[in-house]
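Here's a short tour of a protein model, taken one topic at a time. Have a look at the structure, then read on.

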Amino acid sequence: MKKLLLIMQMILLTFPCLFGQKTLEATRVDVAPVIDGDLQDDIWSEGITSGEFIEWQPKFGDQPDKQTEVKIVYDDEAIYISAFLEEISRDSIMTQLAQRDEIGNTDFFGFLVDTYGNGNDALEFIVSATGVQFDAKVTTTNGEDSDWDGVWFSEVDLRDDGWTVEMKIPYAAIRFPKNKVQEWKINFFRFQARKNERSSWFPIDPAGTNFLTQMGDLVGINNIKPPIRLSLSPYVSTYVQHSHDKYRDPVNSTGTSYNGGMDIKYGINDAFTLDMTLIPDFGQVQSDDQILNLSPFEVRFNENRPFFTEGIEIFSKGDLFYSRRVGGTPIGYFNAYANLGEHETITSNPTDAQLYNATKISGRTDSGLGVGIFNAVSGATKAMVRNEETGETREVETGPLSNYNVFVLDKNLANNSFLAFANSNVWRAGDDYYNANVSATEFDLKNKSQTYGVSGSGAVSQLIFPNADNINGYRYEMIASKLTGNFNFDIYHDATSRDFNANDLGFVRRTNFQNYGFSTRYGIYDSWWKFNRGNVWLDISHSRLHEPNRFMANHINTGFWFEAKNFWNYNLWANYRPPSNDFFEPRTDGRFYRMTNYYNTGIWIGSDNRKALRVNGSLFGYNTGDPGRNGYNVNLGLRYRFSDKLSVSFNSSMNEEYRAEGWVGFGDASEIYFGRRDQQTNSNVIYAEYTLNDKMGLDFRLRHYWSKVVYEDFFELDDNGMLMDSEYDEFHDFSFNLFNIDLNYRWRFAPGSDIFINWKNNIAGGQYSDQINYENLGYFRGLRNLSDYEQNNSFSVRVVYFLDYQQIKNKF
């Protein structure tokens, strides 16, 4: 009987959701606690203690050997959280410093709150044992968005028996309904770095649905009012830019510039917020990792501009919004090169349009209807052309005044399902350019237990020409899934028509294709033998051209990932593709290139991230049905943590392809020429981070990328997709060299206020000459050749000051 009672007690602790929702009651207080990390404040004696955390990694369901106790109190301004996190000793608490919104090798405590209880999005507030803050907006579709920044307060105190946390989260930092009685979903979680153990107040079953549906209830918060949410973040910045080119006259040139603008955040009501940036300055964002692209597809770069990374989750519905299009390369960038006269050269041709402003309005009603409106305006861009003989200059318009707009409706449904509609529109001034409009729907429907689901999307695009017929296209996707348990699967079909085009404000890598596929995964969440957890998978797909309906390819992918009990990670995968037809490499409608069978395998190994020295590496190799046509890729990553303040990492990648075949050009008639080539690519990245304290840090990133291509033979593409001998013999060997440095200093001198100091160095160039023996051109020779290219340096200082209406009101 005692054993049965003990078992029942363990089940109740481990799976309280089976026997009723876990609840924590918040206590109203008249005097706010002092946020200093010391829990001796009398006010905490009024709070109700809750604990009984449950481990979810590395093993789900166990009780941690060290307990965690939490309390919540509140007043008319904020909620306050205290936590005591028990440990063996002060030395058992890991305390690596990191910059804000980064978590290093340190213990941390987190609070997750869903103020509307919809199970689709929440706000996350984390404090590390070193006092570093991390906050994020978490959604089921986009995961953790750490670019969301709230202004809140926290302190920690490290003791011999553990450590303590105090947090103050002002109501101005969150949204909640204008109800007398608040009903919030919450969870607390903890990470013990010495054990690599994650535990939570409400159990998080890794085999269950997303963790936003695995949260407890916060009760007792009554009669609070959403405050006026108005904040301004004005900025000023100054730049000094220097260019050096030993082949130019003059060799050196220097310029300065000054900028000023403002970010505005205003709470329209309790649920909706307006975000606006006026005359933004993004000159300090990290440099793009550019590559040599020989494929027929566009390279997608990450968005690093803060305004376009924060709070954009609703605009991802329908997959219509690629924010790099806003203020990106002008639509007529190459117009400047098209009509150059004799003796004319281009003296300037901006690669980015001037962004005047951008605005976001987003929120969700009490009924669960999310609304998102995005709008941005960029100015006209002009290239300058100079006649070197007469000295005369003229302007060439490369882009008109443009307006970018996205509108989204997203309705939460039962069982954490949703139905969404999205529309994107690009309007360009004048009759020389087309306009674009795309509309899309997206849905995700789950059964009551959220074990199974059906999801899908559909979109139609329209390019609107002032003096020609419009071009219309469409795409759609359907997926049936098993979502929970150890065994999961997806069955899917998608298609994109030939004329679908969402690239004016979205990103579509290719069109005119359709896919049918099945993927299955088996997750192992209980430890066994020498492993903590892992998963294995199998994906099978069949691809066809959409118009006309013709075979493209079959593909099989399988592999596994395991985490060992020493916290090393192992990943092994393999792919096989039988002979297939490539309709994209010829760059001509209706033509295709017949590819032989292709297979590859790879392995990735990573050591325990908690150790001072972390090593990870991968080896990938492929082969084909053609003798000698193969390749490999080797990656090596090293990170050494010299102290809790300084860490340095190095990542190196080497890729070799032998006898690869690809498009090189067109003939006078309908000829399509291919070349057989060897390509060598090396990429090296050094990253160093020195964190002085929880509000001040320095980071350094250096990247060198080098690639060369050597052609050994050329062919003409036959109508049957095969390559024929050809007399084509033009020179195509070349090399590409890129070197970047980004050095950043950040000081958060007040809540929400920062000083940024930035140095950027850029060197880019290539060699294209039949006087060079490219076969003997190696990586280190390429490194020495950097001195032959133009070098650009930029040094900038940017000051941002946060002004909050509520704080100013309370102060005065």
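## The overall build

The chain has 4 helices and 45 strands. Its radius of gyration is 29 Å, close to the 28 Å that the globule rule gives for 812 residues, so the chain is as compact as a globular protein of that length.

What about the inside? Buried residues make up 49% of the 812 residues. Now take the contacts between residues at least 6 apart in sequence: 63% of these join residues at least 24 apart.

The chain averages a pLDDT of 92, and 98% of the residues score at least 70. Among the elements, strand E27 (residues 471–482) has the highest mean pLDDT, at 98. Helix H1 (residues 2–14) sits at the other end with the lowest mean, 41.

Where pLDDT is low, the predicted coordinates should not be read in detail.

## A cavity inside

How many cavities of 30 Å³ or more are there? The count comes to 1. The largest cavity holds about 40 Å³ of space. Its lining is made up of Ser424, Val426, Ala436, Asn437, Val438, Asn501, Ala502, Asp504 and Leu505. Strand E24 (417–428) and strand E25 (435–446) are the elements that give two or more residues to this lining.

Which strand gives the largest share of the lining? That's E25, with 3 residues. Sorted by type, the lining residues of the largest cavity come out as 5 nonpolar, 3 polar and 1 charged.

## Zooming in on Ala32

Let's finish with a single residue. You'll find Ala32 in the loop between strand E2 (27–28) and strand E3 (54–57).

Leaving out residues up to four places away in sequence, Ala32 touches Asp75 and Tyr80. Ala32 and Tyr74 are 42 residues apart in sequence, and their C-alpha atoms are 7.7 Å apart in space.

Terms used
Residues are numbered from 1 along each chain as its sequence is written. This is a predicted model: local features need pLDDT of at least 70, side-chain atom pairs count only at pLDDT 80 or more; totals for chains, interfaces and linings use all residues. Side-chain values use heavy atoms; hydrogens and water are left out. pLDDT is the predictor's confidence in each residue, from 0 to 100. On a 1 Å grid over the protein atoms alone, a cavity is a set of points where a 1.4 Å probe fits but cannot get out, and a pocket is an open set with protein on both sides within 12 Å along at least five of seven lines; lining residues have an atom within 4 Å of a point. Grid points are joined across faces, edges and corners, and a volume is the space filled by probe spheres set on the points. Ala, Val, Leu, Ile, Met, Phe, Trp, Tyr, Cys and Pro count as nonpolar, Asp, Glu, Lys and Arg as charged, and the others, Gly among them, as polar. The radius of gyration is taken over C-alpha atoms; the globule rule is 2.2 Å times the number of residues to the power 0.38. Buried means under 20% relative accessible area, exposed over 50%, partly exposed in between (1.4 Å probe, protein chains only). Contact means heavy atoms within 4.5 Å.
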